[in-house]
Amino acid sequence: MKGKIIKGIAGFYYVHVRGAGVYECKAKGIFRKDNVKPLVGDNVVIEVLDETLQKGNITGIMDRSSQLIRPAVANVDQALVIFAIASPQPNFNLLDRFLIMMQQQNIPCIICFNKLDLDGEGLGEQFRRIYEACGYQTLTVSADRCIGIEGVKQMLAGRTTTVAGPSGVGKSSLINCLQSSITMETGSISRKIERGKHTTRHSELIPISFGDDDGTETSYILDTPGFSSLGLFDIEKEELASFYPEFESYEKYCRFGGCAHISEPDCGVKQALEEGKISRLRYENYCLLYEELKNRRKY
Ligand SMILES: Nc1nc2c(ncn2[C@@H]2O[C@H](COP(=O)(O)OP(=O)(O)OP(=O)(O)O)[C@@H](O)[C@H]2O)c(=O)[nH]1
Ligand SMILES: [Mg+2]
Ligand SMILES: [Zn+2]
């Protein structure tokens, strides 16, 4: 039988077989020998050991179309990065780090700003515009009030998507909006430190059907634990600008080839910044990350 690993906890893999349910499986022998560890998202072949208890063995792993390191998951098509418009305040430096990390792994990102109901000043729209101008698809939603959910569904249909974002931004809440039968555990925000409480502790792939499809294609969404920092990625400072796609059309106006767009004179990117064509928020994060890469100790 063929299925998909939706969760892995303490040596057990939970394999979803369409039309038959979820089997609790172990992965025996062969994988240890080949040094392949099954990942959430893997399409696998299982041998059923006990049909009533739904227990089985994983006997084979199909080739992966993609493999992410963080979160550790196979075969995702895209990432839905979620940040709250407020509570907790968005950390755009962290967002940029995440976008860079995903671009390195060739995974397209959709950026979703949640908690639209807390947005009295139109900040969500402002954030959305900044990232749209960089070429990203963006959404503003409220998971609590189920606003904007249709747009999310459209982007998920027929695909496997990982959600990502800090703790407390509403990742699990948003997943709960997608289908009435899903109830992921959600947690409150600490009043004092304005941070989430890491309610989700394991990555879990959730099969969703959108009612109107004929059941031939299942969509999956991966709920993941929130992260609060992302370390340095494996890139050289000279490469950083290539992860800021909105710089590209202005780089030809830089006087120097290989301009870092930091302190060089006659820089096309800084000119565009002054003219308001490039977001200051993005540029400032670029400078911070550049500095960090420059000072990184080399081993
Ligand atoms: N006001 C408001 N609160 C929301 C919204 N969405 C989620 N919340 C609240 O935010 C808190 C955190 O939501 P979760 O869904 O647990 O957040 P999470 O991103 O899954 O957090 P972790 O699992 O810890 O990574 C809960 O108290 C939710 O009720 C929203 O659209 N508006
Ligand atoms: Mg959660
Ligand atoms: Zn420049």
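User: In which sense do strand β2 and strand β3 pair, and over how many bridges?

Analyst: This is a predicted model, in which local features need pLDDT of at least 70, side-chain atom pairs count only at pLDDT 80 or more, and totals for chains, interfaces and linings use all residues. Residues are numbered from 1 along each chain as its sequence is written. Strands of a sheet pair through backbone hydrogen bonds, either parallel or antiparallel. Here β2 (residues 12-17) and β3 (residues 21-27) are antiparallel, joined over five bridges; two strands pair if DSSP finds at least two bridges between them. Valine 17 faces glycine 21 of β3.

User: In what order do the five strands close into a barrel?

Analyst: The order is β1-β2-β3-β5-β4, with mixed pairing. Neighbouring strands of this sheet are turned by 50° against each other on average, direction ignored; the axes are lines fitted to C-alpha atoms, and angles run from 0 to 180 degrees between N-to-C directions.

User: How many helices and strands does the protein have?

Analyst: There are seven helices and 15 strands. Both are DSSP runs numbered from the N terminus: helices are H or I with at least four residues, strands E with at least two.

User: Which residues of helix α3 are buried?

Analyst: A residue is buried if 20 or more other C-beta atoms, placed from the backbone, lie within 10 Å of its own. In α3 (residues 123-132) these are Gly124, Phe127, Arg128 and Tyr131. They lie on the same side of α3 because they cover an arc of only 100° around the axis, taken from the directions from the helix axis to the C-beta atoms. Of the 299 residues of the protein, 35% count as buried.

Notes: Chains lettered and ligands numbered in written order. Buried ≥ 20, exposed ≤ 12 C-beta atoms within 10 Å, placed from the backbone.
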